[in-house]
Protein chains: 2
Amino acid sequence: MFRQVETPRLILDRAVLQRNADRFLARAAAADVVLRPHLKTAKSIAVAKVATGGRMSTVTVSTLKEAERFAAAGFDDILYAVGISPNKLSRVQRISDETGKRILVVTDNRPMAEAMAAFSRDTGFRLQVLLEIDSGEGRGGLPPRSPELVEIGRSLAEAPGLDFRGVITHAGHSYAVADPAAIADIAEAERRSATDAAVALRDAGIACEIVSVGSTPTFLHARSFEGVTEARCGVYAFFDLAQLSRNVCAVEDIALTVLASVIGHNRKAGTILIDAGALALSKDVSANTFMSDAHYGHVCDPLTMQRLGELSVAVVHQEHGSIPVEDPIWFERLPIGSLVRILPNHACMTAAAGYESYLVVDGDRITAEWDRFNGW
Amino acid sequence: MFRQVETPRLILDRAVLQRNADRFLARAAAADVVLRPHLKTAKSIAVAKVATGGRMSTVTVSTLKEAERFAAAGFDDILYAVGISPNKLSRVQRISDETGKRILVVTDNRPMAEAMAAFSRDTGFRLQVLLEIDSGEGRGGLPPRSPELVEIGRSLAEAPGLDFRGVITHAGHSYAVADPAAIADIAEAERRSATDAAVALRDAGIACEIVSVGSTPTFLHARSFEGVTEARCGVYAFFDLAQLSRNVCAVEDIALTVLASVIGHNRKAGTILIDAGALALSKDVSANTFMSDAHYGHVCDPLTMQRLGELSVAVVHQEHGSIPVEDPIWFERLPIGSLVRILPNHACMTAAAGYESYLVVDGDRITAEWDRFNGW
């Protein structure tokens, strides 16, 4: 099926993507929360349509370029989930004015709240704002019970040009554990942080419509969503070895792979060289914490998707990947020019390495090419 | 100067780029070798013109997309330096046919030599081929004195449809050392491997016009280029902390930086958050072997380019970078919305992370925007 395909190439299994999307939509429906898919993984209109079940609304993005592209494609209610800076406000307005779509922005600090109030005053554009809560990761966000939370929440709610919409948190520290019970505990802490913050705001008379939590591991293992209105997950659409290593998916759930060609045999060094390296696979090794042989990806047969022995891409240079082989039989099984498919270590980073499209496969046929974009 | 600039943004200092380019062109001229700049770092027509001193010829690329773009822009004599696979030959022909420019390809093995001979026979297209030699890195390439080298060289030279042009090697293992004398020793081994291979081929009656060596460290520290016809270097155009850490450049030679905005203060954790993370900076930590505090880049004042204390980006997520600060004075000196410029750990990877252009600065003014491209 891949004979005419140039490598390296990003391959997306449509059936697996669809199953992952359906499963997460079903779980959200069962939990009575809105799924707000994080499109930073896919950066693709076609994938976003699958992830939203065709709804084309209530999505998360990590860059304003994503917001711009998805809004232009007709998506509405787009949450830009990275803390915003003053030099991005004009673009938020421009995207919203040009497309008529809502962009929600996030902050965790007073200077930015003041900058937004001033921007809205100066331009007449109503920014829609969420406050970021720290649920234990220690990256960004206010503590859920801090007096500052209520103070900033009030200033946002009272600013005439702003629409204060609610709170958002992300339990990024769930990636530090792999035990489902431990992930569930972090999911509960994530939920509590967000709902505590919402309660604190409401107790102070501040409306808090949105209570947004989420990461793929915590969404999947959470015991409760009480008080939560929506969940943000991204990598679940594709999954990867980082998720597999943390017991968040099965290997059959991984929808994204990199097709590569064997370009060299180094019998002396005992390595097979492929044309997928640091750019095609990324240098992310998030999986390796819990899966020491993940390296830069597991090497699979391009058609059956069975892993080839215990082969991994162990060394990467910009455009070269190196696969150590202990048994010389692999030089026969993987001749020069033969193809392999690599299960990515971390799909978000692999896909963002410069690929402009996904080659979509259905069973044993290539059925589509879906655009993706990168950058800011 | 950067007040209206959205972040993250790739900034290129034109004067530094020009000085680096001039210096390497002068060194090549003095050594009587052709400089064949590796454009995998810049992926930019404008930078390539500077790097070739306006000659627009004799360049190196790491992808066929680079070959395609540079050929279309008028560059000739383009060496695709990654071992070629059968599924790329048609594109080489297409690029060459459409632009009339020469593309040189590389292999180190018999099956590919046979595939190329068959391709040329079937299509009538004359492929220009170099043989890759291993000068000690142990990645790809034939040993310089192996019987196989002469056998494959002869088959390439005798194939009616192929033009065998010479040998190529890359001392990638020069990055394992930082002492200039040790780099010079590796440069000498690189030179000897290439010239030994050329001698072996010529002794067997096989013409070997091109003897190509190169990496930025070995080119700079080599004691001799005797017998060498050309040198390939790429990162010297921009330089980075990985080169600085290996005594290959001074900090003033680094032409490439990432402009980022402060988006959060985490006083409890003692960190400043910026909007440049794993994608904007890359997860490459090549510098850290010899510079333990390089992390994901050094943090500088956006205008003076002086490093801010000992600040580095220590943690990255997809779009977040985290800068630990011991002294709370940094929260005052870097308020929300303020700008920093990050010296990249490894420029090739940082630039390739998805940026579509360079913002070019001359002194204290933005004077141009130069396109760059990514992908395959």
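This is a predicted model: local features need pLDDT of at least 70, side-chain atom pairs count only at pLDDT 80 or more; totals for chains, interfaces and linings use all residues.
Chain A can be superposed on chain B by a rotation of 180° with 0.0 Å of shift along the axis, at an RMSD of 0.0 Å, which is the relation of a two-fold axis.

- Eight strands of chain B form an open sheet with parallel pairing, and their order is E2-E9-E8-E7-E6-E5-E4-E3.
- The edges of this sheet are held by strand E2 (34-35) and strand E3 (57-61) of chain B, each of which pairs on one side only.
- Helix H5 (residues 110-123) of chain B packs on the sheet, where it touches strand E5 (103-107), strand E6 (127-133) and strand E7 (162-169) of chain B, and its direction makes about 175° with that of E6(B).
- E4(B) in turn pairs with E5(B) in the parallel sense over two bridges, and the partner of B:Ile78 in E5(B) is B:Ile103.
- Elsewhere in the sheet, strand E8 (residues 210-213) of chain B and strand E9 (residues 230-231) of chain B run parallel and are joined by two bridges, with B:Glu230 in E9(B) as the bridge partner of B:Ser212.

**The sheet of chain A**

- In chain A, eight strands form an open sheet with parallel pairing, in the order E2-E9-E8-E7-E6-E5-E4-E3.
- Strand E2 (34-35) and E3 of chain A stand at the edges with a single partner strand each, so one side of each is left without a neighbour in the sheet.
- Strand E6 (residues 127-133) of chain A and E7(A) run parallel and are joined by seven bridges, and A:Leu127 has A:Leu162 in E7(A) as its bridge partner.
- Helix H5 (residues 110-123) of chain A lies across E5, E6 and E7 of chain A and runs at about 175° to E6(A).

**A largely enclosed helix, and an exposed proline**

- Helix H3 (residues 64-72) of chain A is largely enclosed by the rest of the structure, because seven of its nine residues are buried.
- The buried residues of H3(A) are A:Leu64, A:Glu66, A:Ala67, A:Glu68, A:Arg69, A:Phe70 and A:Ala71.
- What covers these buried residues includes helix H2 (45-51), strand E3 (57-61), strand E4 (76-80), helix H4 (89-99) and strand E5 (103-107) of chain A.
- Just after H3(A), the residue A:Gly74 takes a positive phi of about 105°.
- A:Pro160 lies in the loop between helix H6 (147-158) and strand E7 (162-169) of chain A, and this proline is exposed, with 8 other C-beta atoms within 10 Å, where a count of 12 or fewer is the cut-off for an exposed residue.
- From C-alpha to C-alpha, A:Pro160 and A:Lys268 are 72 Å apart in space, and they are 108 residues apart in sequence.

**Chain A as a whole**

- Chain A contains 12 helices and 18 strands, and its radius of gyration of 22 Å is close to the 21 Å that the globule rule gives for 376 residues, so chain A is as compact as a globular protein of that length.
- The C-alpha trace of chain A spans about 70 × 45 × 35 Å along its principal axes.
- Of the 376 residues in chain A, 59% are buried.
- Among contacts in chain A between residues at least 6 apart in sequence, 67% join residues at least 24 apart.

**How the two chains meet**

- The contact between the chains takes 54 residues from chain A and 54 residues from chain B.
- On the side of chain A that touches chain B, the elements that give two or more residues are H5, strand E10 (256-266), helix H10 (278-281) and helix H12 (347-351) of chain A, and E10(A) gives the most, with five residues.
- The copies meet through the same surface, because 100% of the interface residues of chain A are also interface residues in chain B.

Conventions: Residues are numbered from 1 along each chain as its sequence is written. Chains are lettered from A and ligands numbered from 1 in the order in which they are written. Copies are superposed by least squares on the C-alpha atoms of residues with pLDDT of at least 70 in both. Two residues are in contact if their C-beta atoms, placed from the backbone, lie within 7 Å. A residue is buried if 20 or more other C-beta atoms lie within 10 Å of its own, exposed if 12 or fewer, and partly exposed in between; C-beta atoms are placed from the backbone. Helices (H or I, at least four residues) and strands (E, at least two) are DSSP runs, numbered from the N terminus. Two strands pair if DSSP finds at least two bridges between them. Axes are lines fitted to C-alpha atoms, for helices over the stretch in contact, and angles run from 0 to 180 degrees between N-to-C directions. The radius of gyration is taken over C-alpha atoms; the globule rule is 2.2 Å times the number of residues to the power 0.38.
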